[in-house]
Amino acid sequence: MSGGPASYGAAPGTTDGTDDDLHARVLLTRVIEPGDEIGGRWVREHGVREVARRLRDGPPLPGVSAQRWAGLRARAERAEPARDLAVARAAGVRFVPPATGEWPGPLDDLGDARPLGLWLRGRPSLRIWALRSVALVGARACTPYGAHMAADLAAGLAERGWVVVSGGAYGIDGAAHRGALGAGGATVAVLACGVDRPYPRGHTALLTRIADQGLVVGELPPGDHPTPARFILRNRVIAALTRGTVVVEAACRSGSLVTARAAQRLGRHTMAVPGPATSALSAGAHELLRGDAVLVTDAAEIVEQVGEMGELAPVRRGPVLPRDLLEPAARRVLAALPAHRAAAPGEIARGAQTTEDDAIARLYELRALGHVERHGDGWKLTRESTTPVGAGRDPR
């Protein structure tokens with residue numbers, strides 16, 4: 001078999017790790033759009049080199065119109081995989097194909113929509129990081145509440161050793177990345193463009209910091225630009241890569257809901273953070289909660305969903321009041337006393353549905369504990385028993 005950039009012959013379905021195989025796969029990332037299941041089926045049935053060869057100079061592959069095949073051929077003629085790899089190396093970017101040591105196995109759940117390969121900027125192993133990762137996604141035009149919750153959740157997850165994955169966008173994504181970085185934790189940004197091309201431009205410094213401390217990941221080759229469709233298709237990678245997806249704040253048409261629904265289809269955990277009932281930016285999250293999503297409000301509750309058995313969030317209770325420690329019979333007698341006047345033992349006994357002798361015995365018990373006091377022949381609540389919890393505190 002002859003060498004050279006146009007020679008990609010191989011048996012169907014094989015991936016032998018040669019330069020020809022690598023160049024063929026890189027060429028396909030330039031030609032086939034992310035998530036294209038027809039292209040994925042071609043690769044599965046024929047192998048990357050055969051698909052690349054036919055796109056360059058062979059007969060059409062099945063499943064597309066003549067017009068679309070011509071468009072793919074035009075892309076293939078302009079593709080320069082060797083140059084893409086050289087540009088990537090110069091930018092500190094590496095290409096990771098499926099079935100190699102750094103490839104995250106959960107992405108294989110996407111079937112024929114699986115990425116043809118991933119471009120990575122950063123030092124850590126994506127395969128290892130994906131094992132303990134959670135996606136935090138939400139609205140770009142988020143509220144201060146949403147940004148605060150995203151940063152707080154990300155910091156809490158980072159402190160517990162979880163990797164925070166998001167899309168690098170403005171709003172919730174950026175707040176999540178910053179929250180994880182601020183806690184000294186790990187974070188991954190999955191982009192809808194070449195990873196050597198920070199997008200949005202306003203996040204250039206943030207994405208550079210993520211690349212220095214974590215990972216910037218994308219399906220598209222160096223220099224490729226984002227499009228609305230690529231943003232939507234990128235979300236399936238975020239969903240598949242992680243153990244679960246948390247929607248922090250989202251309107252009814254938010255792209256983050258695409259991520260959540262992809263996570264549900266893939267059998268991943270889906271969670272959402274509640275917001276004000278009147279907020280349109282929380283309407284999408286609330287709709288998820290009306291379905292199969294789990295309500296979460298802090299990192300411990302997220303870990304309870306995605307973590308191992310026994311990683312349970314603490315049970316939340318209100319303050320324990322002195323009367324909560326009373327036996328039921330004593331509580332009934334205490335509840336039978338009027339709020340602002342003294343009452344005779346007989347009246348108290350009737351209110352507590354007990355005998356007068358039992359009521360008197362309980363009243364002496366309650367007096368010893370400071371709940372009631374005697375007033376002549378009657379009994380009255382002490383001031384401490386009638387003061388609401390927190391009342392009388394210095395507001396300063």
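This is a predicted model: local features need pLDDT of at least 70, side-chain atom pairs count only at pLDDT 80 or more; totals for chains, interfaces and linings use all residues.
Helices and strands are named here from DSSP runs, numbered from the N terminus, and in that scheme P200 sits in the loop between β5 (187–191) and α9 (204–213).

**Backbone geometry in two loops**

- The peptide bond that leads from Y199 into P200 is cis, with omega near 0°, and P200 belongs to the loop that runs between β5 and α9.
- A99, which is found in the loop between β1 (93–96) and β2 (118–121), has a phi near 65°, a positive value in a residue other than glycine.
- As background to both points, most residues other than glycine have a negative phi, and most peptide bonds are trans.

**Helix packing around α4**

- Helix α1 (residues 19–31) and helix α4 (residues 66–78) have axes that come within 9 Å and cross at roughly 125°, and the two helices are therefore oblique to each other.
- The crossing in which α1 passes α4 is right-handed, and the residues that meet are L27, R30 and V31 from α1 with L72, R75 and A76 from α4; this contact divides into four nonpolar, no polar and two charged residues.
- Helix α3 (residues 48–57) also packs with α4, here at an angle of about 100° and with the axes 8 Å apart, so α3 and α4 are roughly perpendicular to each other.
- On the α3 side of that contact are R54, L55, R56 and D57, which meet W69, L72, R73, A76 and E77 in α4, and the residues of the contact divide into four nonpolar, no polar and five charged.
- L72 and A76 of α4 take part in the contact with α1, and L72 and A76 are also among the α4 residues that meet α3.

**Helix packing between α2 and α3**

- Helix α2 (residues 37–46) and α3 pack with their axes 7 Å apart and at an angle of about 120°, and they are therefore oblique to each other.
- In this contact W42, V43 and H46 of α2 meet V48, E50, V51 and R54 of α3, and the residues involved divide into four nonpolar, one polar and two charged.
- R54 of α3 takes part in the contact with α2, and R54 is also one of the α3 residues that meet α4.

**Surroundings of H286**

- H286 is located in helix α12 (residues 283–290), and residues up to four places away in sequence being left aside, H286 touches P274, G275, P276 and A277.
- H286 and A250 are 36 residues apart in sequence, while their C-alpha atoms are 8.7 Å apart in space.

- The lining of the largest cavity divides into six nonpolar, five polar and six charged residues.
- The second largest cavity has a volume of about 40 Å³ and is lined by P34, L191, A192, E219, L220, R230 and R234, a lining that divides into four nonpolar, no polar and three charged residues.

Technical notes: Residues are numbered from 1 along each chain as its sequence is written. Side-chain values use heavy atoms; hydrogens and water are left out. Axes are lines fitted to C-alpha atoms, for helices over the stretch in contact, and angles run from 0 to 180 degrees between N-to-C directions. Helices (H or I, at least four residues) and strands (E, at least two) are DSSP runs, numbered from the N terminus. Angles under 35 degrees count as roughly parallel, over 145 as roughly antiparallel, 65 to 115 as roughly perpendicular and the rest as oblique. A crossing is left-handed if the near helix is turned anticlockwise from the far one by less than a right angle, and right-handed if clockwise. Contact means heavy atoms within 4.5 Å. Ala, Val, Leu, Ile, Met, Phe, Trp, Tyr, Cys and Pro count as nonpolar, Asp, Glu, Lys and Arg as charged, and the others, Gly among them, as polar. On a 1 Å grid over the protein atoms alone, a cavity is a set of points where a 1.4 Å probe fits but cannot get out, and a pocket is an open set with protein on both sides within 12 Å along at least five of seven lines; lining residues have an atom within 4 Å of a point. Grid points are joined across faces, edges and corners, and a volume is the space filled by probe spheres set on the points.
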